[in-house]
Amino acid sequence: MNTLEAIMTRRSTRSYSANAVEPDKLQKIIEAGRYAPSGGNNQTNHFLVVQNPEVLKKLAELAESAFAKMEITPETYSSLKSSIMLSQKGGYVFYYNAPVLIIVANQKNYGNNLADCAVAVENMMIAANDLDLGSCWINQLHWLTEDEKILAYLRELGLTENERVYASMVVGYAKSADGLPVRKSLPRKGNVVIGE
């Protein structure tokens, strides 16, 4: 698969098998994130790679509890609204039961924190597609990055005092007959270009 094909066929996977991601594939994905560009070549992203089912379960419980307390307003972003509603119903698992959650944090007082984390996650999702793995961007921990209970737990996992979560992703084998992610390229309906 060439680079453009890996980019254009990458789709979000939201249903995963229980199969573990091989260590060598996971290492390649993480290295793709580490080699992403960063503002001023600062390289201040901090990657927390979570594979322990108990840790994933605890993060899901903390997120569900935090979202369930939130109010929905007419201005609430649609995906955030969905997280709140599903949490209020109970049983919400924000990471789609994927075997790996990669949390990307950065310094909260660094002006390029969100951009640096975003390009790292994009690199990793493209690498995952190239390696026949599904992936999906995860916003939920970023939305909850100031929640004290979640911050405290993430600090137990290695987040430092001055860091916050700016992006996350999940990765694993798609729950499909062949274990491959859906790769049907979707037509563009936005992202207007002027001056081609």
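**Salt bridges, burial and overall form of a predicted model**

Arg164 and Glu146 form a salt bridge in which the closest N and O atoms are 2.9 Å apart. This pair joins distant parts of the chain, for the two residues are 18 residues apart. Arg164 belongs to strand 4 (residues 163-172), whereas Glu146 sits in the loop between helix 6 (140-143) and helix 7 (148-156). The two partners also fall into separate accessibility classes. Arg164 has a relative accessibility of 5% and therefore counts as buried, while Glu146, with a relative accessible area of 47%, is partly exposed. The structure described here is a predicted model.

In the whole structure, 4 salt bridges were found. Another of them pairs Arg34 with Glu31, again with 2.9 Å between the closest N and O atoms. Both residues lie in helix 2, and because they are 3 residues apart there, about one helical turn separates them. Glu31 is partly exposed, its relative accessible area being 24%. A further salt bridge connects Arg155 and Glu161, whose closest N and O atoms are 3.6 Å apart. Within this pair, Arg155 is partly exposed at a relative accessible area of 25%, and Glu161 counts as exposed because its relative accessibility is 59%, above the limit of 50% for that class.

Helix 2 (residues 23-34) also contains Lys25. This lysine is buried but has no salt bridge. When residues up to four places away in sequence are set aside, Lys25 touches Leu131, Leu133 and Tyr173.

Two other sites concern the surface. Leu4, Ile7 and Met8 make up a nonpolar surface patch, and together they have about 310 Å² of accessible area. Met8 is part of helix 1 (residues 3-8) and, with 55% relative accessibility, counts as exposed. Gly91 is likewise exposed, with a relative accessible area of 65%. The position of Gly91 is in the loop between helix 4 (78-89) and strand 2 (100-107). The C-alpha atom of Gly91 is 8.4 Å from that of Glu61, although the two residues are 30 residues apart along the chain.

At the level of the whole chain, 7 helices and 4 strands are present. Read from the N terminus, these elements follow the order α-α-β-α-α-β-α-β-α-α-β. The radius of gyration is 17 Å, close to the 16 Å that the globule rule gives for 196 residues, so the chain is as compact as a globular protein of that length. Along the principal axes, the C-alpha atoms fill a box of roughly 45 × 45 × 40 Å.

Of the 196 residues, 44% are buried. Among contacts between residues at least 6 apart in sequence, 82% join residues at least 24 apart.

Note on methods: Residues numbered from 1 in each chain as written. Predicted model: local features only at pLDDT ≥ 70, side-chain atom pairs only at ≥ 80, totals over all residues. Heavy atoms only, no water. Patch = residues over 30% accessible without salt bridge, like charges linked within 9 Å, V, L, I, M, F, W, Y side chains within 5 Å. Areas by Shrake-Rupley, 256 points an atom, 1.4 Å probe, with all protein chains shown as cover. Salt bridge = Lys/Arg side-chain N within 4 Å of Asp/Glu carboxyl O. Buried < 20%, exposed > 50% of the residue type's maximum accessible area, 1.4 Å probe, protein only. Lys, Arg positive; Asp, Glu negative; His and termini not counted. Contact = heavy atoms within 4.5 Å. Rg over C-alpha atoms; globule rule 2.2 N^0.38 Å.
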